[in-house]
Amino acid sequence: ALGGTYPLKEYLKPAYAKLLGSVNKGQNGGPHAFSIHLLIHLLEPSDAPSEYRWEALKPALELFNSTSAPSLSSSSSLSSSSSSSSASSLSLNMLSKSGDGELVPSQGHLTHMPAHLFLRVGLYRQGVATSQVSILNNRAYNAKCLTPYAYGHNLKMLVANARFAGMSRVALEAAKEACGDLAGREATPGGSTACVDCAGTGSPEAVLTLARFGRWAEILHVDEPANWGDPRFAAYNEAAYFYSRALALYAQGTANPHQNNIHIIQLADKEAAKAVNASANDKTFQVIIPQELRAVRAWRVERDNATAVEALKTAVAANDALHYLEPPRWYYPPRQCLGAALLASRGVDSNATEALHVFKADLEMFPENGWSLHGVSLALMALNQSQLAEEYKVRASKAWEDADVALDTSCRQLLSPWDGHTSPSPSSQPSQMLPHKYTETETETETYRYTETSWSYHQSHLKA
């Protein structure tokens, strides 16, 4: 679980020692690719003691070293689909050259593996680079009518690292590719199909990436999928799609302080109810999604910051209780929104102090991520620790070197305004956006009551 760390189990310690001792026992004393692969699996989980990740970093850099890789900017690697012959041939030619960063050329999964570790030690740009090369390898397989291993999973790892690095264009292009048929269930050598953390038809990777970066108007132009994909993930796929639409509509409905957009709020409530209803069929997200929607509605529509903070605390606890998976199961760390809410609603120093602790806890899990470095800097400024705040600001700028979006908030879900044609000025604050707060009688009572009941149920279920 994300909420704690656990020592290595006794029966794994001999394997740990053997793998560490064999990473440099490959051909002619060089790196041993399979040993490194297994070592990463063993040491990178988020619930392992953090020193394990750093111990595995040097061997991981043997599998892929971005300093010797070709330039893989978004314009050359993932700006075109795999059907683009010119882009694909250029990429494949680069891969055929020596010194392209790969220990084992054209083996997508081996090259992908360091992205797991890079995510855990804060090397998100390197995680993007190794994932990009891995995807190019996968495309080469697809072009020859071969099935690459874990194509959807590899794409999701690229998306996760790019989101942490603020690289919205790379993240979105990969997320869209993850929603394609090829990123779903895969044919196996035995003639069946399998899914290794796959994506594919019905996947919400694209809309969740748009939500991560506050691109609300674009979310509302994403059509509902023809189906929700693999039955095991269908409830989550459906819930996440309507969750994203609800976020966008709450932003739109509260965009103009001089307009009463009650009809948009009503529509947002309907989409939120769909998301809550679908999430009830997925044990993983039956708390997180309802509580996050509760927080956003409380913050944007009701201007009830205290309720928003409490809902986000519940979402954080639920996220911490999830079983380990990399990339993380939820599309962003909820602590980033909790910290932002605490900071933006502060009336006393205690809120800024709590926000500081929340952001620092997030940095323990996801080191040097710009979102939380920015949050720590703001919290320190609020506590009149300007010198230390400046140090974190510099670190945040370093983390954001390759980003294509402004680092102006750690939680666009709450704080980014509507980005369509009715957008207010960037200086507008959420607490000032409405001339009054909407009440239950103003919104569609049946829908809102249903959602409130569901939230109450999920909160009780979590405590139980």
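Visitor: How many aromatic pairs does the count come to?
Guide: Happy to start there, with a predicted model in which local features need pLDDT of at least 70, side-chain atom pairs count only at pLDDT 80 or more, and totals for chains, interfaces and linings use all residues. Residues are numbered from 1 along each chain as its sequence is written, and side-chain values use heavy atoms, with hydrogens and water left out. Rings of Phe, Tyr and Trp (its six-membered ring) pair if their centres lie within 6.5 Å; planes under 30 degrees apart count as stacked, over 60 as edge-to-face and the rest as tilted. By this rule the count comes to 13 aromatic pairs.

Visitor: Are the rings of W371 and W400 stacked, tilted or edge-to-face?
Guide: A pair of aromatic rings is described by the distance of the centres and the angle of the planes. For W371 and W400 the centres are 5.2 Å apart and the planes stand at 90°, so the pair is edge-to-face.

Visitor: How many residues apart are W371 and W400?
Guide: W371 sits in helix α18 (residues 370-382), while W400 lies in the loop between α19 (386-399) and α20 (412-415). Helices here are DSSP runs (H or I, at least four residues) and strands likewise (E, at least two), numbered from the N terminus. The pair links distant parts of the chain, 29 residues apart.

Visitor: Is W400 buried or exposed?
Guide: Buried means under 20% relative accessible area, exposed over 50%, and partly exposed in between (1.4 Å probe, protein chains only). With a relative accessible area of 10%, W400 is buried.

Visitor: How are α9 and α10 oriented to each other?
Guide: Two packed helices are described by the angle between their axes and the distance between the axes. Axes are lines fitted to C-alpha atoms, for helices over the stretch in contact, and angles run from 0 to 180 degrees between N-to-C directions. The axes of α9 (residues 168-178) and α10 (residues 205-212) come within 7 Å and cross at roughly 160°. Angles over 145 degrees count as roughly antiparallel, under 35 as roughly parallel, 65 to 115 as roughly perpendicular and the rest as oblique, and α9 and α10 are therefore roughly antiparallel.

Visitor: Which residues of α10 make the contact with α9?
Guide: Contact means heavy atoms within 4.5 Å. From α9 come A171, L172, A175, K176 and A178, and from α10 come E205, A206, T209 and L210.

Visitor: How far apart are the end C-alpha atoms of α12?
Guide: The expected span of a helix is 1.5 Å times one less than its number of residues. For the 20 residues of α12 (residues 234-253) this should be 28 Å, and the end C-alpha atoms agree, lying apart by 28 Å.

Visitor: Against which helices do the buried residues of α2 pack?
Guide: Eight of the eleven residues of α2 (residues 33-43) are buried, so this helix is largely enclosed by the rest of the structure. Among them are I36, H37 and L39. The buried residues of α2 pack against α1 (13-22), α3 (50-63) and α6 (108-121).

Visitor: Which residues is R395 in contact with, leaving aside neighbours within four places in sequence?
Guide: R395 is found in helix α19 and is partly exposed, with a relative accessible area of 33%. R395 and L373 are 22 residues apart in sequence and 6.9 Å apart in space, C-alpha to C-alpha. The contacts of R395 are E368 and L373.
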